[in-house]
Every structure is written in C-alpha cells, then in structure tokens.
Amino acid sequence: MLPPPSKRSRRGAAQRRVLAYMDALPCAAQYETSYAHRAVVTHTVVAAKAGFVCTASENGHVKFWKKMQRGVEFVKHFHAHVGPIADVAASFDGLWLATTGDDGAAKLYDVHAFDMACILRTKRDAAEPYVPGAACWLQTAAAPTPRVALAAADEAAPIRVYAAPTFALVAKLRVHASPIVALCPLPPLGLVVSADARGVLECWRCADGPRRGGDGKGAAVSEVPAEAPGDAVAYRSKLDTDLYALAKTRAGPCRISASSDGARFAVTASDATIRIFETRTGRCLRLLDESAAAIDARRGAWLLRSARGAPPDASDDSDDAGPMPEPAATAAAGEEAPPPPPAEPEDAALRALVALDDLSYGRRSAAEREIQAQAGRRSFLARWNAVFDETGHYLLYGSIVGVCVYALDAGRVVAVLGAADEAERFGCLALFEGAAKLDAQLEQARRQVADSPQQGSLTMGAEQSREGVSDPTCFASSFRRKRFYLLSRRAPDAPDARDVQNELPTADELGRRAAASRPALLGAEATLRTTMGDVRFRLFGNECPKTVENFCAHARDGYYDGLIFHRVLNRAQIDFRGALHARHPIQLAAVRTGHQILHDPDGRSAGRRHRRREHLGRRVPRRIPPEPPARPPLYGVHGQRGTRHQRVPVLRHHRAHALARRQAHRLRPRHSRHGSLPGHRERQVQPVRQAARGRRDHRRRNSRRRCCLGSVWFN
C-alpha cells in the first residue's frame, strides 16, 4: 500500500490543475481590437449559449453583436432609452435581454429575432409609478419560463416580477428596507442575491405569485414577502454570516456576479474592494483591496525591500540558502559580495506594478484616484464588476494594471490581460468561453465573400479559419472611452489599425484628426527686415506652439510685409498695425511722430482695424487700400456722409500729428445770423468739444479714437 501523498504535494497538484484551466482563458497583453459607440460605453453583456454580445452606452443606445470564431460581427442597433441606461440583463438560456433606463422605461428584446419584443412605461403607465433600476432574470433549468425582476432605483419599493414577453405582473416581493442597487440570479440553486444602498446583502428564493391582473399595471397583485432560501444554505441566521460586512464598513455595493454553479458570488463595492462569498455558508472567502492607497502601499513595500537587497519572503534562518562561502576566499576577494537580487513576486499584478516606471505609474495612479473620488449611481465604479469563468476557479476584474485573473484556490493573481495598454482602465467585463456556434447560411455567405476577389469588403470581424476552434474573449469597457475592447489569446495583427471605425466621426473628432495629421511648420528663429536694419528673435515652439504656428503662417502668407511701426519704445517694445498699407512719402513723418494720415479717395477709412484673418479654419483674403494719386495730397475726411460733410486740405505736414491728437473733438459747421440760404455766406469751421459726457457718448468717442487714428472728424 502506497503512503498517502504529503500535504505539500497535494497542494502542488491542486495548483497545477488550476493553472491548467488557464488554457481556456484569454492571456494577451494587448487588446486585439475595439469597436466604437457614439457615447461612453457603460455595459457589456454576453449571452454565451446564444453566442451574442450586447453593449450599451450612456446615451441610451444598445448594440447587438454576433460572436464569430474570431472577433464579432455587428447585427443590430437600437436607440432604446432617452438618457443613460441603468442595467442590462441576459436570461439564463440567452434568448432574452432586458434593459432599464432613467427615462422610466423597461424593454425586452428577442435575441434570436433581433427585435424589441415589449416596452413597459413604469413611470407613466403603471398603477404605482417608479423608475426602474436593477434587473435580473428569474429562470432556471427546472423552471424555464422567463420572468424578469425589476427594482426601483430611488425608493424602497418591492421587487416587481414580470412574465416575458408581455410584461404581465406576476408578483411583488418585499426584500429590502432601502433602495436596491444590485440583483444577481443563481440559476443552479434557484436563488437570488440582492444588495441595497446601505450595504445589506440578502439571499432569497422567488415564489410564484398570483397571476391576476395580467395587464401589467399591478392593480390586482398583492405584495408578499420573499421566500427564504431554505435548505440551499447552511445557516439559519444572518448573524452567523458575513452578509453585513459591507454595511459595517459603510461601503455601497456596486455589482454582484456569481459562478456558473452558484457556489460563490463576488460583490464589488464603492471603496474599490471585491469580496468573494460562499453561497452555502455566507462567509467571506477573499477580500481584494484595489484602492489607490492599498496599491501604493504594496508597491512601496516591495520597492523598499528590493532596495535593501533581500526579497520580501526571505528569512535569515532558511535551510536552503546554499553553502556559505569560504572565509579565505572572501578575504582574498577584498570586497564584500553584492547582495542577491530580489526574487520576482509571485503575484502577477504586483509584478506588473513593480515593472512600471515612476512616470507611467504616476499617470495610472492619478487616473485611479480620479475614478475612486467619483460617487453616484452613474459613476465608473458603480458599473465596475467581476466575472467568474466556467469552472468557478478564476475571477476576472479590472484594475490599475489591466484585467487581473485571480485564482481562488491559489489566492493570487496569475495573469494580467491588457497590461501593455497604459491608456485604458477597464471596468465592466463580460467573458465568452468556448467556440462560437455559427449559422450554416451565415458561414456559407462569409466563405463566399472570403473566396471572392474583393477581399476588402470584410470590414468588421476577421476571416474564419475553421469550425470548432475555441476563442475565449473578454469584452471590456474603459474609463471615459466610447469603445469596448476585445481581449483574447491573440496579439493584434496591426496595432495602428486595431480600432475599428464602425461609427461616423463627429465634427470635433474630424477637427482633432486634421490638426493632428497636419504637419507643424514651426520655425526656431525669425528675421524681421526693416528700413532701419534687421531684427532677429527666437521662437519658443515647445512652450507656446499655437502662437508660434500662427506667427509662422502669417509670415509665410506675407501678412507682415509692408507694415509700419506706429510706436517704438527704446529697448522695450515696437508696435505696428496690420491695416496700414499706405505707400505715400508721408509715412516717414508718421513713423517719426507715431501717427499716420492716409488718403482715401473712396470716402472710406483706411485706418480701421483689419478684420480677423482666420474664421472657422478658412483663410480670409486681405484687402489692401488703393494707391494714392500722383497729385498734391488732399486727405479725405473719415466718415464723409451726405452734404453735411466737406473735404478740407491738411495745410501742413507738421500739423498732421496735432490734428490727430484732436480726433476726439467734433468740428460742427455754424451758420451766421444774417445768412439763411445755403451759400449766402461762407461757412465757418470751428472746433467744439462734446457737451454730453454720458456712457454712450464716451464709448462712441473711444471707438472712434481706436478706429480712426490719424483721421479728422468734421460735422
């Protein structure tokens, strides 16, 4: 008789058996491909038996995808709700799907028919209006009749059970004294696990209520208490369990997920922790802390021990440390032996954390703290979940380093998916295992397209290789991303083309892409050639790229050619105006005195500011004033209108600056007392200061002063 195996050998065999299950799970360090929504993706659900994937976004849109042997194919798109979607639940057999939204509606979908089966307006048509929140399907192998349970989002109302596909009210169950935030069915045991806003967990069985009042309004259905789990659990009182653990820590539950056999369920909480419970005993088996403070502590402790030269798990009295070096050999060396390098941590998540440099870890830590600082039903943590694999030995959840694969028996993270995707923080997960079941007609059509010469017609989904090939895929949403990601066992074929553009880009996205693709023609130095010499200056493109880009574009377009400096401050500043393009010899006096008087034969002001050069990304052509005539200069008066204005010559060039300083004054014509007819006596021009000092006249005077530098106003 052989001796029984030792405890260590049994433990090693169990770990090897558990690690063998990893072949049926995704393991890629990067996501293979991604598909787009019009808004941020909030939910991902997999109907494994039917082979369909459902994704939902915060603008109320729902999309159906068919799982192929490699990748997915788009099927149908619904604008299901007006506003954010509260919950998405798939039935046990994968034939039905239910969605709830903040618009006070719940909708049922026939997955195989790609159609919306029924709509329930709980906020308007129900006898007791409410806004639906959490949803789950009460369907087991023994009772295959599909029934959906809906909970109110903002009030402590009973759980309403409806029969599909007509939304006929079946029962009202009183379970919690607070609003329910999460529901999770356990089909093999016929139980349901629910959690309320205070953190209390309940395990109950749904009993068939009276089937009166099939109109769906619930007028003839009375409220009944939920049935106890009975012999499905081993405890008699909740005080003997850990179901009050969340309430004790005052952490709000987010999502609940259960294993395929119903033996375990995991609860994610608002304090970034995951608690794994055993269904039969109600005890907490594992507590996974993914808060930013705990992550900093684990990484800092490992780096500190690594800097000391000893691994964290090393002990001084170890028997397998190896033979000690001879004293003579150590003395002959003349120096102390270097400390042994620290061993790598067994935990894959900690190994990925240690491998990050300080800059990358700082960016991820900042994003993680921002996520954990948010609160509410529509926050990112409120949709953060964890999923079990088919065997129930592994738990997948999103973390700071990627999607962690936690081995329950080994008690550590054995793999990290998407660890190389630094910009993504995965949240809501859905796992597909096994091989996809394809329709014969669909497969034949795909093969005909693949055999045709037009290979470019396949835009979404990859070409199928052969039937019966297992393709485990994890579907995940990401923080503030309008995409959902596929993580499989394959690396991306082309990392630059793995993001499929299945949605038309918006105007903002097109503008960003054009700006990113346009080459930045920036200069490092510039030379300004003037009549008094050259001016050289440096351009700081790294510090102010937009300003330098605008300056370089204007310089190449000739915008600064022929400009005149109207003010020069020694060793301080030079100013020039973009609209002054006169080429009269009077410019020399204008440069010296700081002013300029322009000739305008058309009666329009040549001194007004030039209009903006750019408008909505288009270059506006520049208007250049006409050349002055070759006769003695008669300077037009700005703002000449009708017969009340007249043209007067400027007497002296040296009086040009004096007239410009008096531009805020008005010159009003005055008739003599003896002259009543026009032209009876010659009009006299006399300067008169403004009498009104109000705000309107003050603004008008300032605007004329800004726009008419060097012009003379007459009245």
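**View 1. The loop holding A272, between strands β19 and β20.** A272 is found in the loop between β19 (264–269) and β20, where helices (H or I, at least four residues) and strands (E, at least two) are DSSP runs numbered from the N terminus. This is a predicted model, in which local features need pLDDT of at least 70 and side-chain atom pairs count only at pLDDT 80 or more, while totals for chains, interfaces and linings use all residues. Residues are numbered from 1 along each chain as its sequence is written, and side-chain values use heavy atoms, with hydrogens and water left out. Although A272 is not a glycine, its phi is positive, at about 60°. With a relative accessibility of 2%, A272 counts as buried (buried means under 20% relative accessible area, exposed over 50%, and partly exposed in between, with a 1.4 Å probe and protein chains only).

View 2. R480, in the loop between β27 (473–478) and β28, is not a glycine but has a positive phi of about 55°. R480 is exposed, its relative accessible area being 51%. In the loop between β12 (159–163) and β13 (168–174) lies P165, which is joined to A164 by a cis peptide bond with omega of about 5°. Most residues other than glycine have a negative phi, and most peptide bonds are trans.

**View 3. The largest nonpolar core.** This core has 27 residues, of which I274, L353, L395, Y397, V401, Y406 and V413 touch the most other members; a nonpolar core is a set of buried Ala, Val, Leu, Ile, Met, Phe, Trp, Tyr and Cys residues joined through side-chain atoms within 4.5 Å. Elements that each supply at least two residues of this core include β20 (273–278), α5 (348–355) and β23 (394–399). Helix α5 gives the most to this core, with four residues.

**View 4. Helix α6 and its buried side.** The 16 residues of α6 reach 22 Å from the first C-alpha to the last, close to the 22 Å expected at 1.5 Å a residue (the expected span is 1.5 Å times one less than the number of residues). Buried in α6 are S360, Y361, R364, S365, E368 and I371. These residues cover an arc of only 125° around the axis, which puts them on the same side of α6; the arc is that of the directions from the helix axis to the C-beta atoms. On the other side of α6, D358, L359 and A373 are exposed.
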